Amino acid sequence: MSLITFLINLTFLNKSPPLLLLSMKRFELVEERSDSGMAEQQAFLLGQVDKDGRPRIIRSQRKIKSKVTLDESITIQPYLVNAESCDLSCTYMLRGVLHHTGTSPTSGHYVTYSKRMVDDDEGLGGSREQWFEFDDKVG
């Protein structure tokens, strides 16, 4: 039997900040009972039951692997205390993404993607936005 708790944390802002950094938690807490049907003495010796013979709760974290799609812009108007005062300053453009490539919160590697202005290749003096990958992985 799995005992999973879902929590939602909402934050409301008094005004829009000059820069907005959002973080998505991509790990979930998993709680499982250690009922395995083994002999009571053996289960106790292995630490899967407490001294009263009740199954222990084993807690671990699991990576959420569902795909996330990001828009190029986001508005925070629904999260403002005074949403009527919102103007263009409530809209933010996506400039970077930090991505975890491991399987658990205690192991893995982070890669950053950042959008930068670059000179137009056609030599017309213009510029355009381009995504760059920043990865310090060795090997």
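A residue is called buried when its relative accessible area is under 20%, exposed when the value is over 50%, and partly exposed in between (1.4 Å probe, protein chains only). The model shown is predicted, so local features need pLDDT of at least 70 and side-chain atom pairs count only at pLDDT 80 or more, while totals for chains, interfaces and linings use all residues. Residues are numbered from 1 along each chain as its sequence is written, and side-chain values use heavy atoms, with hydrogens and water left out.

**Figure 1. Overview of the chain, with one helix and seven strands.** Helices (H or I, at least four residues) and strands (E, at least two) are DSSP runs numbered from the N terminus. Along the sequence, these elements follow the pattern β-α-β-β-β-β-β-β. The chain has 139 residues, and 16% of them count as buried. Among contacts (heavy atoms within 4.5 Å) with a separation of 6 or more, 46% join residues 24 or more positions apart.

**Figure 2. Lys115 in strand β6.** K115 is buried, with a relative accessible area of 12%. Its side chain makes a polar contact of 2.6 Å with the side chain of E72; such a contact is a pair of N or O atoms within 3.5 Å, where within protein one atom must be able to donate a hydrogen and the other to accept it, and residues adjacent in sequence count only if both atoms are side-chain atoms. Apart from neighbours within four places in sequence, K115 is in contact with E72, L94, R95, E129, Q130 and W131.

**Figure 3. Val118, also placed in strand β6.** V118 has a relative accessible area of 16% and is therefore buried. Residues up to four places away in sequence are not counted here, and V118 touches G126, S127, R128, Q130 and F132. W131 lies 13 residues from V118 along the chain, and the C-alpha atoms of the two are separated by 9.8 Å.

**Figure 4. His100 in strand β5.** H100 counts as buried because its relative accessibility is 11%. A polar atom of the H100 side chain lies 3.2 Å from the backbone nitrogen of G102. The backbone oxygen of S107 lies 3.1 Å from a polar atom of that side chain. S107 is also one of the residues that H100 touches when those up to four places away in sequence are not counted, the others being F27, K63, G108, H109 and Y110. From H100 to T112 the separation is 12 residues in sequence and 8.9 Å in space, C-alpha to C-alpha.

**Figure 5. The largest nonpolar core.** Five residues make up this core: I76, L80, C86, C90 and Y92. A nonpolar core is a set of buried Ala, Val, Leu, Ile, Met, Phe, Trp, Tyr and Cys residues joined through side-chain atoms within 4.5 Å. Leaving aside neighbours within four places in sequence, L80 is in contact with C86 and C90, and also with L13, N14, K15 and S16.

**Figure 6. The largest pocket, with a volume of about 2200 Å³.** On a 1 Å grid over the protein atoms alone, a pocket is an open set of points where a 1.4 Å probe fits, with protein on both sides within 12 Å along at least five of seven lines; lining residues have an atom within 4 Å of a point. Points are joined across faces, edges and corners, and the volume is the space filled by probe spheres set on them. The lining consists of 46 residues, of which L22, S23, M24, K25 and R26 lie nearest the centre of the pocket. The elements giving two or more residues to this lining are β1 (27-33), β3 (73-75), β4 (91-93), β5 (96-100) and β6 (110-119). Strand β5 gives the most, with five residues.
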